[in-house]
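My notes follow the structure.

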Amino acid sequence: MMLHNFIRMLSLAALTIEIVLLPVSKANAQNVTLPPPESGSFSTAFDFIPDGRLVIFTGTQVKIQTQQNSSNFDLIGNLPPEFRGGSDPAFVATSPDGSFFILGTGAGGSKFPNQPFNGSIFLLPRTGGQAKSVALIPFHFAADFRRPLELFINRGEASFSRSAVERLDLITKKVRTVIDNIPGASSGVAVDRHGNIYTGIGSDPNRARTGEIRRFSRTDINRAIKTQVALNFDSDGVFVAKVLSAGSLVFDQQGDLWVGGGDVVGGGQQGFIAEIDPQTGTVLRRIDPTDGNPDGGPTTFFSLAISKPFSCTIGAVNSFDPNRTFFKIDACQKKLP
């Protein structure tokens, strides 16, 4: 089993709140199948472009959906040929204006742990071509933009016992740690409309805090950037909730936080996607895109993306689905079936 697969499987959690009475809902499966990952890679990463189509990163190639709700994708670019089999796609992040993509190659696929395969970050213009290397952040997992040329990236370590959030300045190409001492494996990272940063504990080695999500204010983040003194996860972060594996984190148009992932190793909660109120930590909905039953069914680990800026359209794919079925969720639909 490849390392990135293991990293994803370690990003797990159990809910500490009562879930029996929580509202549940079901997403609609689309007649869309994502292209398969490259040989030596674990999964196919995906995101939206501004017109609502999908962009996917297979590990070597970057493709864009020919039209919405289609399984046909046009090739627009690729990594340098020497990276074939040396990428385990962690993410593809669309810039706020849609003019370029940032590609996270993960821990290196079948070529781990050799660098530069473990941790290379690439930039690919929307016009396509060959992607250019912009940074090296080993064991990275997830990313989100705060400004057009400012990206926050969650990365871990080989021990899975510590992680951090890095800021990548795409103008200077400098990487600075802004949140440190996260006591566990890497998780998702998301920026709300106010510029606050949310991240979590993907897997606590002691199994006590897996899935814990904390908020870091825009003011504190800016101070950490200016002083080059990283914030501490426990002492500087505000507890939000403890949900699933704090895996994929995305904000919708109404300001709710959506959480993916799933506990497929530790026996905790998995099999659904959670929508939470980031101010109270209340779980608003649990959606199982596969069979509608968030309390049972097959093993799942959902990756999420949202059509930006802060829309109502969320995409979801179960990393354990060999068919790579794409689900679409109306994040703003509050009336449940």
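I looked up Arg155 and found it in a salt bridge with Glu166, with the closest N and O atoms 2.7 Å apart. I count a salt bridge when a side-chain nitrogen of Lys or Arg is within 4 Å of a carboxyl oxygen of Asp or Glu. The model is predicted, so I kept the cut-offs in view: local features need pLDDT of at least 70 and side-chain atom pairs count only at pLDDT 80 or more, while totals for chains, interfaces and linings use all residues. Residues are numbered from 1 along each chain as its sequence is written, and side-chain values use heavy atoms, with hydrogens and water left out.

I placed the two partners next: Arg155 is in strand β13 (residues 150–155) and Glu166 in strand β14 (residues 163–169), 11 residues apart. Strands are DSSP runs of E with at least two residues, helices are runs of H or I with at least four, and both are numbered from the N terminus. Both Arg155 and Glu166 are buried. Here buried means under 20% relative accessible area, exposed means over 50%, and partly exposed lies in between (1.4 Å probe, protein chains only).

I then turned to Arg209, which forms a salt bridge with Asp234 at 2.5 Å between the closest N and O atoms. Arg209 sits in the loop between β17 (197–200) and β18, and Asp234 in helix α3 (residues 233–236), so this pair ties together parts 25 residues apart in sequence. I noted Arg209 as partly exposed at 23% relative accessible area. Asp234 is also partly exposed, at 35% relative accessibility.

Arg285 is in strand β24 (residues 283–287) and Glu275 in strand β23 (residues 273–276), so the pair ties together parts 10 residues apart in sequence. Arg285 is buried, with a relative accessible area of 3%, and Glu275 is buried at 0%.

I also checked for shared partners: salt bridges join Arg155, Glu157, Arg162, Glu166 and Asp180 into one network. Searching the whole structure gave 16 salt bridges.

Last, I looked at a sheet. Its 4 strands are open and antiparallel, in the order β16-β17-β18-β20, where two strands pair if DSSP finds at least two bridges between them. The edge strands, β16 (189–191) and β20 (238–242), each pair on one side only. I found 4 bridges joining β18 (residues 212–216) to β20. Ile213 has Ala241 in β20 as its bridge partner.
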